[in-house]
Amino acid sequence: MPTVTLLAHTPNPEKTVASAAKLCYSSSTIGDLYDGLTQEKAADFVEMLSEIGHESPVEHASFTFGIEGVSRAFLAQITRHRMASYSVKSQRYVKEGAFEFVTPPEVSADPQALETYEESMRLAQEAYDKIAEILTEKHTKTFIAEGKDEKTAARLASKKAIEDARFVLPNACETKMVVTMNARSLHNFFRHRCCNRAQWEIQSVANQMLALVREVAPELFKKAGPPCLTGPCPEGKMSCGKAREIKKMYEDMKNNG
């Protein structure tokens, strides 16, 4: 299952956001504004910003996460959130020997499905290894013919081979990444990915991220989560129909966090 770690964040995120917002309406120096804010005053100002919809100062707080145990299918989803920075384990430079893979809970719960699933992973590994072996041998000969020594030729050949062998790897293949988002982007991310209709893997990651940022900036993320927490569900006919249960779940998360 996915695991998320909060690696770093803007020091005093709520105080930073509040001082940036106050600057818009003050002739004081930035230092005086920042030093004059207690945590309580900063929290009150952040709440006021939320109430009036002044969102741009929220961008001054950023959060960096380590995300592990997720699939390449997850990677395709999270990178749709473009206001973020991503560093991802490369299949081009990292050889996938005995690759780890993510198994969906529904597959794990069905013995027949799980058996078929694990067999497909085994076959993918065999195909990957075989293609890498064939291409490495081919490229090694080419590099030696071009004048490279055997050690250099072998190293270059292996790298070039796995660039193409990776094409047979499945969406289930495990990856890991470092992700940085500012608080405004995180609110948007939580709105979409904490929703009950989000795919299970990215919803799990989103909920872990939300719990982590609430620990260091509770006021900044007090209202963060799926849209049904603060208003009607925007999904219309596609709604999960469980707004009451979802609200209770997130309230429990907040209280038990």
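Let me begin with a term: a residue is called buried when its relative accessible area is under 20%, and exposed when that area is over 50%. The model I am showing is a predicted one.

I will start with helix H8, residues 183-193. Which residues of H8 are buried? They are Ala183, Ser185, Leu186, Phe189, Phe190 and Arg193. These residues lie on the same side of H8, because they cover an arc of only 145° around the axis. As for what covers them, the list includes strand S2 (62-71), helix H4 (72-78), strand S4 (174-182) and helix H9 (200-216). At the N-terminal end, H8 is capped by Asn182. A side-chain oxygen of Asn182 lies 3.0 Å from the backbone nitrogen of Arg184.

H8 also takes part in the largest pocket: H8 and helix H3 (39-52) each supply at least two residues of the lining. The volume of this pocket is about 530 Å³. How many residues line the largest pocket? There are 24, and those nearest its centre are Ser50, Glu55, His187, Leu220 and Lys223. By type, the lining has ten nonpolar, seven polar and seven charged residues.

His139 is part of helix H6, residues 111-145. His139 counts as buried because its relative accessibility is 8%, and the cut-off is under 20%. Setting aside residues up to four places away in sequence, His139 touches Ala157, Lys160 and Ala161.

Val107 sits in helix H5, residues 105-108. With a relative accessible area of 18%, Val107 is buried as well. Leaving out neighbours within four places in sequence, the contacts of Val107 are Ala113, Leu114 and Tyr117. For a sense of distance, take Val107 and Glu219, which are 112 residues apart along the chain. Their C-alpha atoms are separated by 39 Å.

Last, two loop residues with positive phi. Asn12 lies in the loop between strand S1 (3-9) and helix H1 (13-23). Phi of Asn12 is near 45°, a positive value in a residue that is not glycine. Is Asn12 buried, exposed or partly exposed? Asn12 is partly exposed, at a relative accessible area of 38%.

The other one is Ala98, in the loop between strand S3 (85-88) and H5. Ala98 is not a glycine either, and its phi is positive, about 50°. Its relative accessibility is 61%, so Ala98 counts as exposed.

Technical notes. Residues numbered from 1 in each chain as written. Predicted model: local features only at pLDDT ≥ 70, side-chain atom pairs only at ≥ 80, totals over all residues. Heavy atoms only, no water. Buried < 20%, exposed > 50% of the residue type's maximum accessible area, 1.4 Å probe, protein only. Helix = DSSP H or I, 4+ residues; strand = E, 2+ residues; numbered from the N terminus. Arc of directions from axis to C-beta. Contact = heavy atoms within 4.5 Å. Polar contact = N/O pair within 3.5 Å; in protein donor to acceptor, adjacent residues only side chain to side chain. 1 Å grid on protein atoms, 1.4 Å probe; cavity = no way out; pocket = protein on both sides within 12 Å on 5 of 7 lines; lining within 4 Å. Points joined across faces, edges and corners; volume = space filled by probe spheres on them. Nonpolar A, V, L, I, M, F, W, Y, C, P; charged D, E, K, R; others polar.
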